[in-house]
Amino acid sequence: MDGSVWAATAGDLVAARVQMAFSLGWHIVIACFGVGMPGLAVFAEWRGLRTGDPAWEVLARTWARAMGVLFAVGAVSGTILSFEMGLLWPGLMGPFGDVIGLPFALEGFAFFVEAIFLGIWLYAWDRLPPRVHVLTGIPVIVAGVASAFFVVTANAWMNQPRGFDLVNGEVVGVRPWEAMFNPATPPQTVHMIVAAFMVAGFGVASVYAVGLLRGRRDRHHRLGFLVPFTVAAVLAPVQVVVGDWAAGFLAEYQPLKLAAIEGLAETTAGASLSLGGVFVDGELRYALEIPNALSLLAHWDPNAVVLGLDQAPPELRPPVNIVHWSFQVMVAIGFALVALGAWLAWSWWRRRELPRSPWFLRAAVLAGPAAALALEAGWVVTEVGRQPWVVYGVLLTRDAVNPHPGLVAGLLTVLAVYAVLTVATVAVLRRLARRGPVAPQERAGAR
């Protein structure tokens with residue numbers, strides 16, 4: 001498209017990108033808990049109903065309180081993101097609003113379903129028959145996953161734009177369903193939804209791991225640790241397989257991003273897989289090379305040709321070191337989480353109990369923030385790896401930004417808002433954690 005219409009100062013462009021990255025990076029962690037926690041809480045409630053064990057119900061009610069707080073915070077940060085899409089990127093939302101409007105509309109519908117049934121689930125706990133109440137939690141689970149799916153399809157479109165025609169720079173022939181179900185949608189949505197359950201699982205488990213380390217070995221803390229940790233640990237190796245699927249997609253549809261991930265300067269037959277290293281003066285240095293492994297992983301052929309950065313002029317290449325190291329961090333954490341899950345599985349298989357080493361629980365405490373860090377690193381790979389395009393191959397980021405000055409002031413305002421939101425969220429969650437499990441008399445009082 002003609003970029004002459006959209007132009008801003010370099011400072012405003014950087015401010016817009018930082019604001020968008022910060023807002024998305026903040027919201028996405030909260031959103032993961034919105035996707036993953038309802039399943040954990042409803043499962044705990046169902047187990048309590050099925051077994052008659054009050055520990056399960058106490059666990060479900062404890063998680064429900066945290067869910068209520070995180071849903072409210074996520075609604076605020078999601079609303080901020082919605083405004084930012086229009087205010088910061090009119091060059092994207094103006095011409096292409098009709099193309100990617102469908103998933104945003106469906107996401108809004110899913111959000112309302114989630115909000116309605118979450119309200120019923122939270123406030124009608126003691127007013128509905130127990131089995132009916134469990135069923136009211138099912139739409140919350142489905143709507144949370146659906147919201148993630150719809151939003152990620154919009155981002156997938158930015159990586160693989162489809163469903164429109166460009167005639168003399170004008171967007172015509174809009175086909176929203178084709179845009180929504182583009183080639184990037186399957187691997188990207190599955191990768192994100194699995195990641196959401198992992199972040200929620202390891203995140204919740206890490207809180208209870210702190211309690212276990214402090215000697216709180218009661219049934220509440222053991223269940224509170226084992227259930228979310230097991231879910232996340234089972235999904236960790238699944239995510240490795242999904243990640244390989246996503247890498248194969250890049251090899252076919254976004255080879256430049258794959259080249260940046262691997263720091264592959266030149267198109268190469270039998271390309272090596274690079275671990276570590278720094279991209280300097282047009283080449284990756286100090287990396288550990290595994291011969292032919294990249295060709296094998298990307299094309300299932302150890303001698304296949306893998307396209308390098310030389311397929312595009314320098315001004316159309318993503319910043320290699322940021323993409324390369326973000327990918328390295330994501331993969332390293334992913335395999336560490338797989339190993340941590342294997343540690344628990346080995347101990348459980350042998351003794352039907354948690355590993356006796358306190359180092360396991362210390363590692364489990366770190367697993368929560370580590371999973372969130374891997375999530376952020378993965379999004380850096382996705383977003384920065386697409387640069388300088390906001391719509392891959394169609395629209396440059398610099399041509400989509402709001403042309404008016406003053407975006408730096410908006411960035412500072414948003415940072416201040418998120419600082420307040422962060423402090424308030426942490427304070428409320430800490431207060432809930434200190435209150436401990438919901439006492440029976442509290443439940444009686446609610447009736």
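The largest cavity holds about 50 Å³ of space. This is a predicted model, in which local features need pLDDT of at least 70 and side-chain atom pairs count only at pLDDT 80 or more, whereas totals for chains, interfaces and linings use all residues. Residues are numbered from 1 along each chain as its sequence is written, and side-chain values use heavy atoms, with hydrogens and water left out.

**Exercise 1. State which residues line the largest cavity, and which helices supply them.**

Solution. Begin with the term: on a 1 Å grid over the protein atoms alone, a cavity is a set of points where a 1.4 Å probe fits but cannot get out, while a pocket is an open set with protein on both sides within 12 Å along at least five of seven lines; lining residues have an atom within 4 Å of a point. Grid points are joined across faces, edges and corners, and a volume is the space filled by probe spheres set on the points. By this rule there is 1 cavity of 30 Å³ or more.

Next, list the lining: Phe33, Gly34, Pro38, Met67, Leu70, Phe71, Glu114 and Leu118. At least two of the lining residues come from each of H1, H2 and helix H3 (90-123); helices (H or I, at least four residues) and strands (E, at least two) are DSSP runs, numbered from the N terminus.

Finally, sort by class: 6 are nonpolar, 1 is polar and 1 is charged. Here Ala, Val, Leu, Ile, Met, Phe, Trp, Tyr, Cys and Pro count as nonpolar, Asp, Glu, Lys and Arg as charged, and the others, Gly among them, as polar.

**Exercise 2. Describe the second largest pocket by its volume and its lining.**

Solution. Its volume is about 1,300 Å³. Of the 36 residues that line this pocket, Gly203, Val207, Leu429, Arg430 and Ala433 lie nearest its centre. Elements giving two or more residues to this lining are helix H1 (10-51), helix H2 (54-88), helix H6 (185-213), helix H7 (219-253), helix H11 (358-384) and helix H12 (407-435). The lining divides into 20 nonpolar, 11 polar and 5 charged residues.

**Exercise 3. Determine how H6 packs with H7, and H10 with H11.**

Solution. Axes are lines fitted to C-alpha atoms, for helices over the stretch in contact, and angles run from 0 to 180 degrees between N-to-C directions. The axes of H6 and H7 are 7 Å apart, at an angle of about 155°. H6 and H7 are therefore roughly antiparallel, a label given to angles over 145 degrees. Their crossing is left-handed, that is, the near helix is turned anticlockwise from the far one by less than a right angle. This contact has 24 nonpolar, 8 polar and 1 charged residues.

For the second pair, the axes of helix H10 (residues 320-351) and H11 come within 8 Å and cross at roughly 150°. H10 is therefore roughly antiparallel to H11. The crossing of H10 and H11 is left-handed, and their contact has 23 nonpolar, 2 polar and no charged residues.

**Exercise 4. Locate the salt bridge of arginine 175.**

Solution. A salt bridge is a side-chain nitrogen of Lys or Arg within 4 Å of a carboxyl oxygen of Asp or Glu, and the count is 11. Arginine 175 pairs with aspartate 165, the closest N and O atoms being 3.2 Å apart. Arginine 175 sits in the loop between strand E2 (170-172) and helix H5 (176-180), and aspartate 165 in strand E1 (residues 165-167), 10 residues apart.

Definitions and conventions:
Angles under 35 degrees count as roughly parallel, over 145 as roughly antiparallel, 65 to 115 as roughly perpendicular and the rest as oblique.
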